[in-house]
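Please look over the model below before reading on.

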Amino acid sequence: MEGGHGTDAEREDEDSESELLRDRFRLSTISIAEAEAKKNGMDISESIVACIADLAFKYAEQLAKDLELFAQHAGRKSVNMEDVILSAHRNEHLAASLRSFSNDLKAKEPQSEKKRKKVSKKEDKASTSAVHIPDL
């Protein structure tokens, strides 16, 4: 057993699920690229569309790893909006858009949700739109 993580059957299930997600992501990316090309009156070759789909998937994989590391560094098991904003630190326009989106989400959050449970101020500040990261 490599790394002590599950049986061979469990790993095969995870690999199969990962392949399915990759294929669905790739098909969605291809569909978006083709729709955008058509909307803008452009032709786009299949090889370019496939390259865009592969690059987008690799970017999404790396982003997920970065977000997980940011959350772990902060001592959390869940990714939150601050992690997502931090991931965009090299692109100020994107970071500003994400901050605006985050503020809009906070404004739309029902008051009862905001007061749902008592947490420390540090946790409360970091808990916006959290996503759970399962243990590996």
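The points below go from the basis of the model to its helices and its core.

1. This is a predicted model, in which local features need pLDDT of at least 70 and side-chain atom pairs count only at pLDDT 80 or more, while totals for chains, interfaces and linings use all residues. Residues are numbered from 1 along each chain as its sequence is written, and side-chain values use heavy atoms, with hydrogens and water left out.

2. The protein chain holds 6 helices and 2 strands; these are DSSP runs numbered from the N terminus, H or I of at least four residues for helices and E of at least two for strands. Along the sequence the pattern reads α-α-β-α-α-α-α-β. Of its 136 residues, 17% count as buried, that is, under 20% relative accessible area, with exposed meaning over 50% and partly exposed in between (1.4 Å probe, protein chains only). Among contacts (heavy atoms within 4.5 Å) with a separation of 6 or more, 52% are between residues 24 or more positions apart.

3. Helix α1 covers residues 8–39, and its 32 residues reach 46 Å from first C-alpha to last, close to the 46 Å expected at 1.5 Å a residue. The expected span is 1.5 Å times one less than the number of residues. Its buried residues are Thr 29, Ile 30, Ala 33 and Ala 37, and they pack against α2 (46–73). Just after α1, Gly 41 has a positive phi of about 65 degrees.

4. Helix α2 has 28 residues and reaches 40 Å between its first and last C-alpha, close to the 40 Å expected. Val 49, Ala 50, Ala 53, Phe 57, Leu 67, Glu 68 and Ala 71 are buried in α2. The partners of these buried residues are α1, β1 (78–79) and α3.

5. How do α1 and α2 pack? Their angle is about 130 degrees and their axes lie 9 Å apart; axes are lines fitted to C-alpha atoms, for helices over the stretch in contact, and angles run from 0 to 180 degrees between N-to-C directions. That makes α1 oblique to α2, since angles under 35 degrees count as roughly parallel, over 145 as roughly antiparallel, 65 to 115 as roughly perpendicular and the rest as oblique. On the α1 side, the residues that meet α2 include Arg 22, Phe 25 and Glu 34. Those of α2 that meet α1 include Ile 52, Asp 54 and Ala 60.

6. The largest nonpolar core has 5 residues, Met 81, Ile 85, Ala 88, Ala 95 and Leu 98. The elements giving two or more residues to this core are α3 (81–87) and α4 (92–108). Such a core is a set of buried Ala, Val, Leu, Ile, Met, Phe, Trp, Tyr and Cys residues joined through side-chain atoms within 4.5 Å.

7. Met 81 is in helix α3 and counts as buried because its relative accessibility is 7%. Its C-alpha is separated by 9.7 Å from that of Leu 67, 14 residues away along the chain.
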